Amino acid sequence: MINCIAIDDEPLALAQLTGYISRVPFLNLVASCQDAFEAMKVLSSEKIDLLFLDINMPDLNGMEFVRSLSEKPLVIFTTAYSEYAVDGFKVEAVDYLLKPFSFQDLLAAASKAARRLDRESAVSDEVIDDALFVKNDYRVTRVRLADIKYIEGMSEYVRIYVENEEKPLMPLLSMKRLEEMLPASQFMRVHRSYIVNLKKITEISRLRIVFGETYIPIGDIYKEKFLEYVNNRMMR
């Protein structure tokens, strides 16, 4: 999870920004602030990875605020003034969102920040023997391949559903990359949004794989391969 602060002196803009942030699963909004001084107090007491920061603010503007920090989190600038873009990149901002921006714009910028943080991590996602090491929040979790039921793709991240776990793991990882990492003898992509553990399949109904109350569809381009797998094991 990426800890972030939203900073904007306009209440309506701040409300929209915090609303967008709340919709991104890998962002944790630690505080919303109406000026740079409020944000400084949060930074002094909390570990913050990312700032969503308006530039044009009274007393201390966003650019001056970033330059004043000895330890700088990643920054995504939000502003209505395009002339600040060049200065924004001079302070190595991750992105620059020109108001009014959409949720998709913010999600794309947040994903850039996540990828940068991911590159800075010393530990990589990898499969060793029978386990997958997954970066989830600030921890690396070892997950036995045998315990994975299925995986759901969600744009810039995936949800890994594990037996006896209430919540899925949500690493920032593409379905393509994960598909390449997993052994083809045990896992199969059955839909553009789903990979299943073949050893966990106990029921198929109307070309849908049943995991309890979850029904996973079989995509058209994956149907032939999946049906071949099933038919080769069918008792006749």
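The chain folds into seven helices and 14 strands, where helices (H or I, at least four residues) and strands (E, at least two) are DSSP runs numbered from the N terminus. This is a predicted model, in which local features need pLDDT of at least 70 and side-chain atom pairs count only at pLDDT 80 or more, while totals for chains, interfaces and linings use all residues. Residues are numbered from 1 along each chain as its sequence is written, and side-chain values use heavy atoms, with hydrogens and water left out.

**The chain as a whole**

- Of the 236 residues in the chain, 46% are buried, a word that here stands for under 20% relative accessible area, with exposed meaning over 50% and partly exposed in between (1.4 Å probe, protein chains only).
- Among the contacts in the chain with a separation of 6 or more, 48% are between residues 24 or more positions apart, a contact being heavy atoms within 4.5 Å.

**Nonpolar cores**

- The largest nonpolar core has 25 residues, and Ile21, Phe26, Leu27, Leu50, Phe52, Ile76 and Leu106 touch the most other members; such a core is a set of buried Ala, Val, Leu, Ile, Met, Phe, Trp, Tyr and Cys residues joined through side-chain atoms within 4.5 Å.
- Two or more residues of this core come from each of strand S1 (2-7), helix H1 (11-22), strand S3 (50-54), strand S4 (74-79) and helix H5 (103-120), and H5 gives the largest share, seven residues.
- Leu106 touches Leu17, Tyr20, Ile21, Val24, Phe52, Leu97 and Phe101, when residues up to four places away in sequence are not counted.
- A second, separate core of 21 residues includes Ile5, Ile48, Leu69 and Tyr96.

- Val75, found in strand S4, counts as buried because its relative accessibility is 4%.
- Although Val75 and Phe52 are 23 residues apart along the chain, their C-alpha atoms are separated by 6.2 Å.
- Not counting residues up to four places away in sequence, Val75 touches Leu50, Leu51, Leu53, Val66, Ala93, Val94 and Asp95.
- Gln186 lies in the loop between helix H6 (175-181) and strand S11 (187-191), and Gln186 counts as buried because its relative accessibility is 12%.
- Leaving aside neighbours within four places in sequence, Gln186 is in contact with Leu145, Ala146, Val196, Asn197, Leu198 and Lys199.
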